Amino acid sequence: IDEVRSASIARRRTLVYSRTPDRRQFFINGRVMDENRVDETVRLGDTEEWTIVNTDQQYHSFHIHQTAFLVTEINGVRPDENSLRDTFPVPPATDERPSVLKVVIPFTDPVIVGRFVYHCHAADHEDKGMMGVIEVVA
């Protein structure tokens with residue numbers, strides 16, 4: 001955890017969670033999952049800060065395969081986190097503003113080179129498109 005906390009941030013990314021009003025499709029950055037598309041490309045050895053913005057007035061979660069992350073902020077508040085996570089809830093948006101989760105992700109373990117996914121961990125949401133493909137390159 002201390003290594004992740006002290007690592008310099010190589011890149012910052014924003015993922016926006018949304019859905020259609022009828023809840024038939026769920027999106028990340030306005031797109032549904034396409035297994036033939038790479039949504040994010042990351043360099044092995046980098047540590048990145050990702051901001052997950054929930055524009056929906058229901059809970060979602062952020063889950064990433066192959067690596068853990070450190071939660072650094074929930075709606076502007078720094079949590080007292082003493083462990084790395086692979087899944088974390090993203091609170092619902094309010095009438096005034098979206099909800100924001102910030103995480104720091106170390107892409108430093110060589111075994112994660114290749115393609116894998118990140119998604120909302122609610123099965124119904126990921127099945128309706130709220131999933132993306134990441135590729136870690138050496």
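This briefing describes strand pairing, aromatic pairs, selected loop residues and a cavity in one structure. The model is predicted: local features require pLDDT of at least 70 and side-chain atom pairs count only at pLDDT 80 or more, whereas totals for chains, interfaces and linings use all residues. Residues are numbered from 1 along each chain as its sequence is written, and side-chain values use heavy atoms, with hydrogens and water left out.

**Strand pairing**

- Strands (E, at least two residues) and helices (H or I, at least four) are DSSP runs numbered from the N terminus, and two strands pair if DSSP finds at least two bridges between them.
- Strand β8 (residues 99-107) has seven of its nine residues buried, so it is largely enclosed by the rest of the structure; buried means under 20% relative accessible area, exposed over 50% and partly exposed in between, with a 1.4 Å probe and protein chains only.
- β8 pairs with β4 in the antiparallel sense over nine bridges, and N54 has S99 of β8 as its bridge partner.
- β8 also pairs with β6, again antiparallel, over four bridges, with I74 opposite L101 of β8.
- Strand β9 (residues 114-119) forms an antiparallel pair with β5 over two bridges, in which H63 is the bridge partner of H119.
- Six bridges join β9 to strand β10 (residues 131-137) in the antiparallel sense, and H119 stands opposite M131 of β10.

**Aromatic pairs**

- A pair of aromatic rings is described by the distance of the centres and the angle of the planes.
- There are four aromatic pairs, counted for rings of Phe, Tyr and Trp (its six-membered ring) whose centres lie within 6.5 Å; planes under 30 degrees apart count as stacked, over 60 as edge-to-face and the rest as tilted.
- F62 and F69 form a tilted pair, with 5.2 Å from centre to centre and 50° between the planes.
- Both F62 and F69 are buried.
- Ring pairs link F62 and F69 with W50, F107 and Y118 into a cluster.

**Loop residues**

- D56 is placed in the loop between β4 (46-54) and β5 (60-64).
- D56 counts as buried because its relative accessibility is 4%.
- Leaving aside residues up to four places away in sequence, D56 touches Y17, R19, F26, P92 and A93, where contact means heavy atoms within 4.5 Å.
- Most residues other than glycine have a negative phi.
- Q66, which is not a glycine, has a positive phi of about 75°; Q66 lies in the loop between β5 and β6 (70-74) and is exposed, with a relative accessible area of 51%.
- N75 likewise has a positive phi, near 50°; N75 lies in the loop between β6 and β7 (87-90) and is partly exposed at a relative accessible area of 41%.

- A cavity is a set of points on a 1 Å grid, over the protein atoms alone, where a 1.4 Å probe fits but cannot get out, and lining residues have an atom within 4 Å of a point.
- Grid points are joined across faces, edges and corners, and a volume is the space filled by probe spheres set on the points.
- The count is one cavity of 30 Å³ or more, and the largest cavity holds about 50 Å³ of space.
- The largest cavity is lined by I28, N29, R31, R37, D39, E40, Y118, M131 and G132.
- This lining comprises three nonpolar, two polar and four charged residues; Ala, Val, Leu, Ile, Met, Phe, Trp, Tyr, Cys and Pro count as nonpolar, Asp, Glu, Lys and Arg as charged, and the others, Gly among them, as polar.

Conventions: On a 1 Å grid over the protein atoms alone, a cavity is a set of points where a 1.4 Å probe fits but cannot get out, and a pocket is an open set with protein on both sides within 12 Å along at least five of seven lines; lining residues have an atom within 4 Å of a point.
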